[in-house]
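Welcome, and thanks for taking a look at this one. Here is a short briefing to read alongside the coordinates.

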Amino acid sequence: MIATAPLQQLHDPLFAAQEVSLWLKREDLLHPHISGNKWRKLKYNLQEAQRLQKKVLLTFGGAYSNHIAATAAAGHAFGLKTVGIIRGEEHLPLNPTLSFAVSCGMELHYVSREQYRQKQEPMFLEALLQQFNQPYLLPEGGTNNLAVQGCAEIVQDIEIAYDYICCASGTGGTIAGIIAGLSGEKQVLGFPALKGGEFLQQEVEQLVSRYCNRSFTNWQLITGYHFGGYAKVKPELLEFMQYFQQQHGVQLEPIYTGKMLFGLYDLIRQGFFPKGSRIVALHTGGLQGNAGFKERMGLVL
Ligand SMILES: Cc1ncc(COP(=O)(O)O)c(C=O)c1O
């Protein structure tokens, strides 16, 4: 575990041509298994679980979920048993994400897609509380008020002057924390990895106002870079990720960070940012998913 995620300045002829500067905040380096926004989201939840003397941490996710892998690792590190409610049927052998989770001691419990959709319904949750010995419940993606509190701390350790901060968005917890942490300063751009940006807009507004009782206007979702939806990819995305790795020596993954940086480069190319803009982009980790993605798609990442 390192205390502060370093800021890595990226150099590219494109940035020089458009007169912008870009730094990558390497949240992916925070911890080998609880990396990126995952540690930020879990930190206060783990403290709360300990305060409540919970023995079990239960959460939800798809079969390739970064959050499932990180929760399993966190439970192992903090002495909590973990249960993962996994969307869909069991496939054996387990993919790399789930076999990692099991190696950390996570108990996997598969539910149909239909049941999974009830993951926020009180009756469904009550049944899980009974079945798994009153666990501490963490929602899908780990996003709740305590996760927003943890993500609000991301901006506290950026020690350079900047104008824009960018992140990939799934459930919206990470961007909500950044917005709350900045209290109206700078501009925040979120790049949704899924279709349905309008829904996410409302979700982020709610997460922010629930956390700090305020709303802010210095943020927007850039909805044009989901590549067809969650975990959908196109050859130009994979080519970009390879270019990025060669140019900067930093690996991305195609579900979140690849799409965000593809979109960010595209905005820079289009002149979206005024000349002289200083931009920080978050590397939110998730590289554990690359092994499973490669396996599924027969790709080299
Ligand atoms: C690597 C990575 N980046 C970004 C996100 C998006 O975070 P959030 O769900 O808080 O919007 C996720 C998903 O949680 C993720 O795994």
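Two strands count as paired when DSSP finds at least two bridges between them. With that in hand, strand S3 (residues 56-61) and strand S4 (residues 81-87) pair in the parallel sense over six bridges. Please keep in mind that this is a predicted model.

**Around strand S3**

- Strand S3 is mostly covered, with five of its six residues buried.
- Gly 61 has Ile 86 in S4 as its bridge partner.
- To get from S3 to S4, the chain passes through helix H3 (residues 66-78), and this β-α-β crossover is right-handed.
- S3 also pairs with strand S6 (residues 136-137), again in the parallel sense, over two bridges.
- In that pairing, Leu 58 stands opposite Leu 137 of S6.

**The six-stranded sheet**

- An open sheet is built from six strands in the order S1-S2-S10-S7-S8-S9, with mixed pairing.
- Strand S1 (7-10) and S9 stand at the edges with a single partner strand each, so one side of each has no neighbour in the sheet.
- On average, neighbouring strands of this sheet are turned by 25° against each other, direction ignored.
- S7 and S8 run parallel and are joined by six bridges.
- Cys 167 has Gly 190 in S8 as its bridge partner.
- Helix H8 packs on the sheet and touches S7, S8 and S9, its direction making about 155° with that of S7.
- Helix H11 (residues 257-269) packs on the sheet too, touching S7, S8 and strand S10 (278-282), and its direction makes about 140° with that of S7.

- Helix H8 (residues 173-182) is largely enclosed by the rest of the structure, because nine of its 10 residues are buried.
- Among the buried residues are Gly 173, Ile 175, Ile 178 and Gly 181.
- The packing partners of the buried H8 residues include helix H2 (37-51), helix H7 (145-152) and helix H9 (197-212), as well as strand S7 (164-169), strand S8 (187-192) and strand S9 (219-221).
- Just after H8, Ser 183 takes a positive phi of about 45°.

**How H7 meets H8**

- Two packed helices are described by the angle and the distance between their axes.
- For H7 and H8, the axes come within 7 Å and cross at roughly 55°.
- That angle makes H7 oblique to H8.
- The crossing of H7 and H8 is right-handed.
- Residues of H7 that meet H8 include Ala 147, Val 148 and Cys 151, while those on the H8 side include Thr 174, Ala 176 and Gly 177.

Conventions. Residues numbered from 1 in each chain as written. Predicted model: local features only at pLDDT ≥ 70, side-chain atom pairs only at ≥ 80, totals over all residues. Buried ≥ 20, exposed ≤ 12 C-beta atoms within 10 Å, placed from the backbone. Helix = DSSP H or I, 4+ residues; strand = E, 2+ residues; numbered from the N terminus. Right-handed = clockwise from strand over helix to strand, strands pointing away. Contact = placed C-beta atoms within 7 Å. Axes fitted to C-alpha atoms, helices over the stretch in contact; angles between N-to-C directions. Parallel < 35°, antiparallel > 145°, perpendicular 65-115°, else oblique. Left-handed = near helix turned anticlockwise from the far one by under 90°.
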